[in-house]
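Here's a quick briefing to read with the model open beside you. Have a look at the fold before going through the points below.

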Amino acid sequence: MTPLPARASLASPSVAGMARVMVCDDSAVIRSAVSRMLEEDPDIRVVARATDGRAALTALHQAAGTIDV
């Protein structure tokens, strides 16, 4: 099986009590806009961004418990 390309960026885990979210979209503009909107809520932290479903699954596997949604 060929390994999936790493096209996701991961940030460090958030403070306890915060929702740790991954944003996945093929458009950088949309990823950025959604991330900004989510991070306006003090209880949400975007900890990963991915360009497609494969990258999201790779990031989810690599993050091992640091992504809630």
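Predicted model: local features only at pLDDT ≥ 70, side-chain atom pairs only at ≥ 80, totals over all residues.

Residues are numbered from 1 along each chain as its sequence is written, and side-chain values use heavy atoms, with hydrogens and water left out.

**Overall layout**
- The protein chain has 2 helices and 3 strands (DSSP runs numbered from the N terminus: H or I of at least four residues for helices, E of at least two for strands).
- Reading from the N terminus, the order is β-β-α-β-α.
- Of the 69 residues in the protein chain, 28% are buried.
- Take the contacts (heavy atoms within 4.5 Å) with a separation of 6 or more: 72% of them join residues 24 or more positions apart.

**The salt bridge**
- You'll find 1 salt bridge in the structure, meaning a side-chain nitrogen of Lys or Arg within 4 Å of a carboxyl oxygen of Asp or Glu.
- Its partners are Asp68 and Arg20, at 2.8 Å from N to O.
- Asp68 sits in the segment after α2 (53–63) and Arg20 in strand β2 (residues 19–24), so the pair ties together parts 48 residues apart in sequence.
- Asp68 counts as partly exposed because its relative accessibility is 43%, while Arg20, at 18%, counts as buried.

**The nonpolar core**
- The largest nonpolar core has 9 residues: Met22, Val47, Ala48, Ala50, Ala55, Ala56, Ala59, Ala63 and Ile67.
- Such a core is a set of buried Ala, Val, Leu, Ile, Met, Phe, Trp, Tyr and Cys residues joined through side-chain atoms within 4.5 Å.
- β3 (44–50) and α2 are the elements giving two or more residues to this core, and α2 supplies the largest share, 4 residues.
- Not counting residues up to four places away in sequence, Ala56 touches Met22, Cys24 and Ala50.

**Arg31**
- Arg31 belongs to helix α1 (residues 28–39).
- Arg31 is buried but has no salt bridge, and the nearest side chain of opposite charge, Asp25, is 5.7 Å away (Lys and Arg count as positive, Asp and Glu as negative; His and the chain ends are not counted).
- A polar atom of the Arg31 side chain does lie 2.6 Å from the backbone oxygen of Asp25.

Terms used: Buried < 20%, exposed > 50% of the residue type's maximum accessible area, 1.4 Å probe, protein only. Polar contact = N/O pair within 3.5 Å; in protein donor to acceptor, adjacent residues only side chain to side chain.
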